[in-house]
Structures are given as structure tokens and as C-alpha cells.
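Here are my notes on this entry, written as numbered points. Please read them with the structure open beside you.

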Amino acid sequence: MPPSTSSLLSILLTLSSTLIPDPVFAHSHLSHIVVNGALYHGYDPRSPVKNPDSNKTYNNPRPNHPGSVAWSYAAFDDGFVAPENYSHPDIICHIGATSPKAHAPVRPGDLIHIQWNGWPVGHVGPILTYIAPCKSQSGCAGVDKTTLRWTKIDESRPVLEILPNNENRWDVEHGRAGIVGKRWATDVMVAANNSWQVEVPRGLARGAYVMRHEIIALHFAAKRGGAQNYPVCFNLWIEGEKEGSVTLDGYDAREFYRDDHIGVWVNVTAPALASYIIPGPTIASWAMPVPYAQQTSMLLRSEGTPVVVTRSTETVLWTAEVTPTPTGQAVRHRYHLRG
Ligand SMILES: [Cu+2]
């Protein structure tokens, strides 16, 4: 199958990123998610941004995509949250994050295909996913993020595998894997065109949930405080049972990690490093992570229609709203230029 334009683009992004070995240029955001072939947009924080309608440059924070199910945030680039902020609300869903109104409608057992906007292969580390219910009348719209209590449902286990005979040397030399002789979860993600699949848990009560997906990049983590967390959040409406049959955990994201945990303060280039201890809370016993062998690229795309939660038990289809810009022009089509 010929590579799509977007996979070529992400290969180029990956290659160019590996040529810039620095902590200042930063490194990705959620491009979009796809569920059952329907696409829901991510939030692009990068600045400055030109409005092709007016040729004027906007200030941050950049407006969210209309109808986005992804949380917007106040970063100025594709950057990260540092360990010094592990107990700050910024670790929850990125810097100054706020929830949109819309939710992606999903069913238990659906696969959510989470597409990052490229990933530098040297940024090795674990890929973690959590879920938290929003119990308000409007679902997750306007939720106080500090009240969210999370359950870990995926941690990309085993995260680190040792490869016999350095069998990925060619991949590393060609910018397709991070470290010779080792396969990290992020290598699996990059090989799947910078995407990761997560199964919508079975057994949850019907309702609104935030999914928190996160990569922890460890390329500077030999230094205490040098890890880079890339959390992104998006809203789901799960058509579950009326009453759930699984037990949710109650972890506060501000208590997930410590900067001295062995999975956060770790020298990933040490030849002797043969295994990896995953940070954060214990994964739920009922969770069904998608194994490495089933992580694949996602190609099909059509626009999905999100829902807006009403009275906590019902939803209506999201309808287009015209978002005013500083010049009074509509922004609806501005983000359809890429990808
Ligand atoms: Cu980076």
C-alpha cells in the first residue's frame, strides 16, 4: 500500500525532529482521534497562527476547533509538562487546560485510534491512558478538572523490550526507532504512524467521561526533573449500561507521579537498562489494553459528529456554531488546511 500524504508528512516531521536534539523545541500534540472511521479533531496549540482569511496573526491561546472533543490548553507550542508540575493542575490535561462542550459518542469495546501529530523517535518512553467520569448535568463541559478521579486503563506494557542482536540498528540509523537494541512503546507508536489504539472499557455506566492519554518522554530523564509529560484529554460519551459492572479507581492526577520515581528519573541510554518500571497508579484489573501486535496505522477518515450532554443522561448532536474571531470572521474552515 502506498504511504499516504499524512504518513509521509509524519515521517518528515520525525526525521526533522531527530535533527534537532534540544529540549526547547517541543514536540507534539493530539492531531485527532478516530472511532469507527469517524474523525474528531484534536487541539493544536502552536503559535503564531495566521488566519488565511485575513492574513493576520492570532495571539495565543489559539481557539479550539469548533465542535472539538479535545481539551484546549494554553501552551504556546507542542511542549510538555515538567516533573516540577506533577502536583500542579497543569499535569491533569496540559497547561491551563479547559474542557470543550462536545463529546465523541462511543460504545463499550470500540477502538479509539489516537493520532499524534508526529513524534521524535528519540523521545522514548511509556504511553499511558486514564479515564474519569464527569458527573455533571452537562457531562464534561465546564468540569472542574481538579475534581476528576482517574482510572488507569492502559500503560503500553512492557514499555521496554530488549532486542536480540541489536536487530533494530537499521531502524535507528534511519530514524525509525529510538535506541539500538531496545524497543520502547514509543517505537511501536511511531511505526503505527504516530498513533495508538485504546479500547473503550466494557462495563462502565453510561455517561460522560474524559480520556487522558499521555506520553512520558524520557530522553532527558537521566537528570532528575528532566522527564517530559505530554498529556492530552478528550471527552467521550459512552453508551454503557445504566449501572456499571466495573469498579472505577479514584486517583487524582496530581498524585500520579513523583520526580524521583524510577520510571521518571531514569537513564534510558544506559546499556544495562533491561527493564522499565511504569510510573503512576496500578492499571485496572479489568482493563483490556490493545497489544503491540495490534497497533496499526489508521487511514480511513470521515468527519464525526460529536454530541453535547443534556441533563447528564441524554445527549443531542452537536451543531455547528459560528465562533467569532477578533476580526469578526468565522473560523469554521480554518483548520481543514492540513491533513
Ligand atoms: Cu521534545
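**Notes on the predicted model**

1. Aspartate 260 is partly exposed, at a relative accessible area of 30%. This is a predicted model. The partner of aspartate 260 in a salt bridge is arginine 258, and their closest N and O atoms are 2.9 Å apart. Arginine 258 counts as exposed, because its relative accessibility of 57% is over the 50% cut-off.

2. A second salt bridge joins the side chains of arginine 202 and glutamate 199, with 3.2 Å from N to O.

3. Where do glutamate 214 and arginine 212 lie, buried or exposed? Both residues are buried. Their side chains meet in a salt bridge, at 2.9 Å from N to O.

4. Salt bridges also link Arg149, Asp252 and Arg254 into a network. The count for the structure comes to 10 salt bridges, so the pairs described above should be read as examples, given that a salt bridge is counted for a Lys or Arg side-chain nitrogen within 4 Å of a carboxyl oxygen of Asp or Glu.

5. Next, the disulfides. The structure holds 2 of them. One joins cysteine 93 to cysteine 233, with an S to S distance of 2.0 Å. This pair links distant parts of the chain: cysteine 93 belongs to helix 2 (residues 90-93) and cysteine 233 to strand 13 (residues 228-238), 140 residues apart. The angle about the S-S bond is -85°, and the link is left-handed. Both ends count as buried, cysteine 93 at 1% relative accessibility and cysteine 233 at 2%.

6. Cysteine 134 and cysteine 140 form the other disulfide, their sulfur atoms 2.1 Å apart. It is right-handed because the torsion about its S-S bond is about 100°. Here too the ends are buried: cysteine 134 has a relative accessible area of 7%, and cysteine 140 has 0%.

7. How are the bonded cysteines paired when they are numbered in sequence order? The pairing in the protein chain is 1-4, 2-3.

8. An open sheet is formed by 5 strands in the order 11-6-1-2-14, with mixed pairing. Strand 11 (195-199) and strand 14 (302-303) stand at the edges; each has a single partner strand, so one side of each has no neighbour in the sheet.

9. Within that order, strand 1 (residues 30-35) and strand 6 (residues 111-116) run antiparallel and are joined by 5 bridges. Valine 35 stands opposite isoleucine 112, which lies in strand 6.

10. The largest nonpolar core has 82 residues. Which residues have the most contacts inside this core? They are Ile33, Ile112, Trp150, Trp184, Val210, Leu218 and Phe234.

11. Leaving aside its neighbours within four places in sequence, isoleucine 33 is in contact with residues including Ala38, Leu39, Tyr40, Val69 and Ala104. Its contacts also include Ile112, His113, Ile114 and Phe234.

Key: Residues numbered from 1 in each chain as written. Predicted model: local features only at pLDDT ≥ 70, side-chain atom pairs only at ≥ 80, totals over all residues. Heavy atoms only, no water. Buried < 20%, exposed > 50% of the residue type's maximum accessible area, 1.4 Å probe, protein only. Core = buried A, V, L, I, M, F, W, Y, C linked by side-chain atoms within 4.5 Å. Contact = heavy atoms within 4.5 Å. Pairing = 2+ DSSP bridges. Helix = DSSP H or I, 4+ residues; strand = E, 2+ residues; numbered from the N terminus. Disulfide = S-S within 2.5 Å.
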